[in-house]
Amino acid sequence: MPLVRFTQNIQRHVACPPRTVEGGSLGEVLAAYFQQNDAARGYVLDDQGALRKHMAIFIGGEPIFDRAKLSDPVPPDATVDIVQALSGG
């Protein structure tokens, strides 16, 4: 099962411990994680269910492509890292 991890800077705002969950797509993996931790959902996803602009997700170290429908495939042994996307100069 995929492992979902959040960076420490996100955990300052909402508790989200690492957890293995089932799912074959990013949307399924996140839905399974948020079933057990609904407080993290609003921090990561907007009201349409898309990834918020200030967030980034990596599957096996690679950035996702589908920020709206979260359809990226997630292999069973993958690590899904959720981080804050930083910008600036």
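Some ground rules. Because the model is predicted, local features need pLDDT of at least 70 and side-chain atom pairs count only at pLDDT 80 or more, while totals for chains, interfaces and linings use all residues. Residues are numbered from 1 along each chain as its sequence is written, and side-chain values use heavy atoms, with hydrogens and water left out.

Let's start with the sheet. Two strands pair if DSSP finds at least two bridges between them. Five strands make an open sheet, ordered β2-β1-β5-β3-β4, with mixed pairing. At the edges sit β2 (19-20) and β4, each pairing on one side only. As a reminder, strands of a sheet pair through backbone hydrogen bonds, either parallel or antiparallel.

Now go along the sheet. β2 pairs with β1 in the antiparallel sense, over two bridges. Leu-3 has Thr-20 as its bridge partner in β2. Next, β1 (residues 3-6) runs parallel to β5, and four bridges join them. Then β5 meets β3: five bridges, antiparallel. Val-83 in β5 stands opposite Ala-56. The hairpin of β3 and β4 has two residues between the strands, and Gly-60 takes a positive phi near 60 degrees in it.

What about burial? Buried means under 20% relative accessible area, exposed means over 50%, and partly exposed is in between, with a 1.4 Å probe and protein chains only. Four of the five residues of β3 are buried, so β3 is largely enclosed by the rest of the structure.

Contact means heavy atoms within 4.5 Å. Helix α2 (residues 26-36) lies across β1, β2, β3 (55-59) and β5. It runs at about 70 degrees to β1. That angle is between N-to-C directions, on a scale from 0 to 180 degrees, with axes fitted to C-alpha atoms, for helices over the stretch in contact.

On to charge. Side chains of opposite charge can pair when their charged atoms come close. A salt bridge is a side-chain nitrogen of Lys or Arg within 4 Å of a carboxyl oxygen of Asp or Glu. How many salt bridges does this rule give? Two.

One joins Asp-81 and Arg-5, with the closest N and O atoms 2.7 Å apart. Asp-81 is in strand β5 and Arg-5 in strand β1, so the pair ties together parts 76 residues apart in sequence. These two residues are also bridge partners in the sheet. Arg-5 is partly exposed, at 36% relative accessible area.

The other joins Arg-41 and Asp-38, closest N and O atoms 2.8 Å apart. Both are in helix α3 (residues 38-44), three residues apart, so about one helical turn separates them. Arg-41 is partly exposed at 33%. Asp-38 is exposed at 51%.

Which charged residue is buried yet has no salt bridge? That is Asp-66. Its nearest side chain of opposite charge, Lys-69, is 6.6 Å away. For charge, Lys and Arg count as positive, Asp and Glu as negative; His and the chain ends are not counted. Asp-66 lies in the loop between β4 (62-63) and β5 (79-84). A polar atom of the Asp-66 side chain lies 3.1 Å from the backbone nitrogen of Ala-68. Leaving out residues up to four places away in sequence, Asp-66 touches Ser-71 and Asp-72.

Last stop, Cys-16. Where is Cys-16 placed? In the loop between α1 (8-11) and β2. Cys-16 counts as buried because its relative accessibility is 0%. Again leaving out residues up to four places away in sequence, Cys-16 touches Phe-6, Ile-10, Gln-11, Tyr-33, Asn-37 and Ala-40. Phe-6 is ten residues from Cys-16 in sequence, and their C-alpha atoms are 6.5 Å apart.

Terms used:
Polar contact = N/O pair within 3.5 Å; in protein donor to acceptor, adjacent residues only side chain to side chain.
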